[in-house]
Amino acid sequence: MLDYILVQALNGLVIGVIYAVIATGLTVIFSILKIVNFAHGEVYMMGGYFAYFVIALLGLPPLLAVLVAMLLSFALSVLFERTLLTPLYSPTTERKGDYGILVTFGISILLRNLAIIVFGPFPLRPPSFFEGSLVVGNFVMSWDRVFAAGAGVVLLVGLLAFLSRSAWGQALNAVSQSRESAAIVGINDRLVYTLAFGLGGGLAGGAGALVGPIYALSPSMGLVPDTQAFVIVVLGGMGSVGGSIIAGLLIGVSEGLFVALFPDPTRSLAYAQAFSLLVLMGVLLVRPTGFFGRVHVAME
Amino acid sequence: MRRLPIAAMAAFAVLAFAYPHLVDAYWRTVGTLAIFYAIVAASWALLVGYAGQFSFGQMGFVSLGAYGSALLVQWLAIPFPIGMVAAVLVCTVVGAGIGFVCLRMRGPYLAIFTMAFSEVLRIVILTENEVTGGAGGLEVAPLFHSRTVFPYYYLALALLAGSLGLMGMMVASRWGLFFRAIRENEQAAAAAGVKVVRFRILVFAIGSGVAGLAGTFYAPFIGILTPDIGSVDQMGEVVAMAVIGGAESLPAAVLGAFFVEALFEALRAYGEWRLVIFGGLLLLTMRFARNGLLALAWEQVLRLGPVLQRARSIGRPAES
């Protein structure tokens with residue numbers, strides 16, 4: 001029993017890393033554009049399919065496929081940002097928050113149903129990154145999970161380095177603090193918005209590509225991580241990248257433990273989804289600014 | 001300005017009464033379904049368009065009303081109308097509860113919270129299959145002995161007229177101004193003396209109650225309830241209806257529902273492309289005609305007469 005709990009906790013940790021990657025993408029978008037991206041889970045889904053088709057059609061090695069999937073997700077997000085989100089930057093648009101919600105919600109419906117037609121409603125499974133499993137004593141974990149967690153950590157570290165060390169990262173940070181001041185010191189804010197939305201999408205797409213061999217791909221695969229990412233972002237404090245990483249790991253592990261400890265095994269998987277949603281509702285009720293929030297950002 | 005809507009409403013009422021006699025059984029069913037969606041879309045428009053309370057939980061309340069009334073009738077063997085009233089009361093109370101606990105939240109927080117609420121509800125209904133029938137569905141006894149759709153159609157029409165009348169009276173009164181004041185700026189509204197807390201809870205209660213009412217009708221009409229009725233895609237359909245029609249006006253949302261449902265059936269041959277089309281249409285409407293396609297068309301109609309235009313320029317709100 002204890003072994004089982006440990007395995008579930010470790011599985012949860014792996015998923016937690018993936019959740020953290022998705023959620024940091026959502027956070028980057030939120031802190032710059034000040035909108036919640038309801039299509040984030042669908043970009044994650046597209047990332048998984050991009051990787052699948054790059055492998056199946058072009059025969060690229062899986063590692064490279066993850067990078068290509070990230071680039072394609074970046075491009076897809078930039079496309080949506082350039083065509084649909086520009087009213088967010090115009091002073092004549094009323095209630096920009098509402099506009100952002102509705103437009104991204106529309107994008108999510110469009111992408112999910114388009115995926116059903118283009119990719120088919122049936123689950124697809126891309127080839128493994130590495131065959132076989134890691135065996136330590138009587139503990140077994142597939143290499144795919146180990147690899148996904150490792151790559152996820154690399155992505156997170158890379159993101160943190162990018163945000164703190166590069167000029168672009170500092171521009172992002174500046175715009176997230178004050179659009180006007182950033183414009184005064186000569187930062188092209190339009191470019192920063194595009195970069196932020198693309199970066200968020202790229203992270204989500206990368207997570208989708210990494211998850212592909214572990215869970216199968218399906219058009220509706222974005223729905224659950226989407227809400228999970230909201231939980232994490234809210235828990236970690238909207239706009240805080242570090243908070244999102246911690247909260248992602250926390251949610252992943254507690255979800256694994258929930259599956260292990262729920263008394264009725266036939267229902268534990270179904271209620272694992274409801275569990276994180278209930279956590280989300282609880283957090284929103286008790287501390288809407290999250291537990292690691294760096295600032296209280298007004299939602300308008 | 002006043003004349004035209006009344007004439008339009010009268011013409012519309014006559015058309016609605018005559019409609020089931022003019023078409024075949026298939027389109028009668030479609031029409032009934034369209035009225036069901038119209039009620040939901042109007043309740044969403046009240047919450048989002050008027051009061052600015054962003055809710056993605058409307059279909060959750062529909063499924064709460066549908067399952068609630070069906071299960072109450074089954075368990076307690078009470079007559080259907082009592083089950084209906086009870087379920088609507090439950091939805092109103094739960095809606096008021098959500099309005100109360102969400103008082104601190106706004107915009108996306110509220111949208112996420114209500115979406116989570118309706119997803120949790122859907123998962124519970126799906127998982128507790130001994131009670132609800134799960135994915136296999138819950139069979140609901142028909143309401144009328146008649147084999148045709150006529151009684152359902154007129155019941156739906158009566159419910160639509162009743163709920164539109166109730167919500168229309170609310171938004172045409174001072175309350176409507178309070179709602180819009182809250183939508184535009186909560187602090188300013190509070191400073192101007194609007195009881196923000198009371199009206200936010202009120203609008204949630206009414207909006208949820210009306211959605212639940214639509215659900216109680218949907219259950220016996222459709223005959224078999226599945227948890228999918230509360231899914232995000234269903235919510236997306238309602239959002240598309242209200243936004244394409246014009247979410248800031250109740251009649252526009254209703255007409256949007258009719259338009260989208262008719263289009264949905266007309267495009268039946270295209271199968272799964274339909275939701276893609278509506279997603280795209282929703283995006284285009286948001287991007288280029290934010291007040292809705294019908295509101296846009298309505299403005300064109302109003303521009304036809306210079307008299308009407310002068311009446312408009314006096315400053316009366318474009319739709320009320």
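pLDDT is the predictor's confidence in each residue, from 0 to 100. The legends below describe close-up views of a predicted model.

Figure 1. The model as a whole scores ipTM 0.84 and pTM 0.87. For chain A, the mean pLDDT is 84, and 96% of the residues reach 70 or more. Residues 295–300 of chain A have a pLDDT that stays under 50, and the model has 11 contacts beyond four places in sequence for this stretch. For chain B, the mean pLDDT is 86, with 93% of the residues at 70 or more. Within chain B, confidence is highest in helix H10 (residues 196–222), at a mean of 93, and lowest in helix H15 (residues 306–313), at a mean of 55.

**Figure 2. The fold of chain A.** The secondary structure of chain A consists of 11 helices and two strands. Along the sequence these elements follow the pattern α-α-α-α-β-β-α-α-α-α-α-α-α. Chain A has a radius of gyration of 19 Å, close to the 19 Å that the globule rule gives for 300 residues, so chain A is as compact as a globular protein of that length. Taken along the principal axes, the box filled by its C-alpha atoms is roughly 60 × 50 × 35 Å. Of the 300 residues in chain A, 52% count as buried. Among contacts in chain A with a separation of 6 or more, 77% are accounted for by residues 24 or more positions apart.

**Figure 3. The surroundings of Tyr89(A).** Tyr89(A) is placed in the loop between helix H3 (62–84) and H4 of chain A. Is Tyr89(A) exposed, partly exposed or buried? A residue is buried if 20 or more other C-beta atoms lie within 10 Å of its own, and exposed if 12 or fewer do. Tyr89(A) has 13 C-beta neighbours inside 10 Å and therefore counts as partly exposed. Apart from its neighbours within four places in sequence, Tyr89(A) is in contact with Arg190(A) and Tyr193(A). Gly12(A) lies 77 residues from Tyr89(A) along the chain, and the C-alpha atoms of the two are separated by 39 Å.

**Figure 4. The fold of chain B.** Chain B contains 15 helices and two strands. Its radius of gyration is 19 Å, close to the 20 Å that the globule rule gives for 320 residues, so chain B is as compact as a globular protein of that length. The C-alpha trace of chain B spans about 60 × 50 × 35 Å along its principal axes. Buried residues make up 51% of the 320 residues in chain B. Of the contacts in chain B with a separation of 6 or more, 77% come from residues 24 or more positions apart.

**Figure 5. Helix H2 of chain B.** H2(B) is mostly covered, with 20 of its 26 residues buried. Gly52(B), which follows H2(B), has a positive phi, near 70°.

**Figure 6. Helix H4 of chain B and its packing partners.** Helix H4 of chain B (residues 80–101) has 22 residues. The distance from its first C-alpha to its last is 31 Å, close to the 32 Å expected at 1.5 Å a residue. Buried residues of H4(B) include Gly83(B), Met84(B), Ala87(B), Val88(B) and Cys91(B). Also buried in H4(B) are Thr92(B), Val94(B), Gly95(B), Ile98(B) and Gly99(B). What do the buried residues of H4(B) pack against? Their partners are helix H3 (58–76), H5 and H10 of chain B.

**Figure 7. The contact between chains A and B.** The contact takes 34 residues from chain A and 34 residues from chain B. On the side of chain B that touches chain A, the elements giving two or more residues are helix H5 (107–127), helix H11 (232–245) and helix H13 (273–288) of chain B. H5(B) gives the most to this side, with 14 residues. By class, the residues on this side of chain B divide into 23 nonpolar, five polar and six charged.

**Figure 8. Packing of H4(A) with H5(B).** Helix H4 of chain A (residues 96–119) packs with H5(B) at an angle of about 35°, and their axes are 9 Å apart. H4(A) contributes Gly97(A), Asp98(A) and Ile101(A) to the contact, while H5(B) contributes Gly107(B), Pro108(B) and Ala111(B). This contact of H4(A) with H5(B) has three nonpolar, two polar and one charged residues.

Key. Residues are numbered from 1 along each chain as its sequence is written. Chains are lettered from A and ligands numbered from 1 in the order in which they are written. This is a predicted model: local features need pLDDT of at least 70, side-chain atom pairs count only at pLDDT 80 or more; totals for chains, interfaces and linings use all residues. Two residues are in contact if their C-beta atoms, placed from the backbone, lie within 7 Å. Helices (H or I, at least four residues) and strands (E, at least two) are DSSP runs, numbered from the N terminus. Ala, Val, Leu, Ile, Met, Phe, Trp, Tyr, Cys and Pro count as nonpolar, Asp, Glu, Lys and Arg as charged, and the others, Gly among them, as polar. The radius of gyration is taken over C-alpha atoms; the globule rule is 2.2 Å times the number of residues to the power 0.38. Axes are lines fitted to C-alpha atoms, for helices over the stretch in contact, and angles run from 0 to 180 degrees between N-to-C directions. The expected span of a helix is 1.5 Å times one less than its number of residues.
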